[in-house]
Amino acid sequence: LSLVSKAFGHCVKLPQMLERVTLRVPEDMLKDYDTDGEQLDEEAMDEKRALLEEYLRQAGEQYPGLGRLVMYSSSVVQNETIAVAASMFPALKSFRLDECTELSDVNSLSSLTSLTHLSLYGCWSLADSGIQSLAQLTALRSLDLDGSQITHAGPLASMTALEELYLSSCPELTDEGLRPLSSLRCLQCLSLRGNEQLTGEG
């Protein structure tokens, strides 16, 4: 855990500063290929995931007040991984999980009630059932679901503080599925590019 200690050692005496600090999980822990560029086999992937989850547990024990966490572009990250992260970093305000293509269920993030920014860009395995509990994240101001498989924005209707919402390249999204967004009075930016099923008539 030396990387975590080096990055945040100066915050130990000033824990209130941790909410403004970003922990970027080391790239080596997120690589799903070996030194020859070959995809890791399932046994090696399981070892990677176990190592990553242990890293998150140790980091969370030392810095539970961390405000920002980044893990992206990795099939090593799974549903269980973010459940560990949510339990170890309850004060998170920003969580970036771009292009974690194995994520299909992020309902475990519902406990992060201080979260204001959540990016799930390119998490193309996410569908409606995997985001239902995000309705509890009423402090969210920015949510990125670009590239997901969601069909209906119902769970987002309770996010009344939402200012930015990204729903581009969601091939299953329809006019009917967007209607719940009419309740989002604070919404300033809504991205819907590349959604072929949207007609603009809803």
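Visitor: How much space lies in the largest pocket?

Guide: Rolling a probe the size of a water molecule over the atoms shows where empty space is left. On a 1 Å grid over the protein atoms alone, a pocket is an open set of points where a 1.4 Å probe fits, with protein on both sides within 12 Å along at least five of seven lines. Its volume is the space filled by probe spheres set on the points, which are joined across faces, edges and corners. Here the largest pocket holds about 200 Å³. This is a predicted model: local features need pLDDT of at least 70, side-chain atom pairs count only at pLDDT 80 or more, and totals for chains, interfaces and linings use all residues. Residues are numbered from 1 along each chain as its sequence is written, and side-chain values use heavy atoms, leaving out hydrogens and water.

Visitor: Which residues line the largest pocket?

Guide: Lining residues have an atom within 4 Å of a point. Among them are R24, E27, Y33 and V70.

Visitor: In what order do the strands form the sheet?

Guide: Strands are DSSP runs (E, at least two residues), numbered from the N terminus, and two of them pair if DSSP finds at least two bridges between them. Seven strands form an open sheet in the order 1-2-3-4-5-6-7, with parallel pairing. Strand 1 (22–24) and strand 7 (189–191) each have a single partner strand, so one side of each lacks a neighbour in the sheet.

Visitor: How many bridges join strand 1 to strand 2?

Guide: Three bridges join strand 1 to strand 2 (residues 68–70). R24 has V70 in strand 2 as its bridge partner, and both residues also line the largest pocket.

Notes: Helix = DSSP H or I, 4+ residues; strand = E, 2+ residues; numbered from the N terminus.
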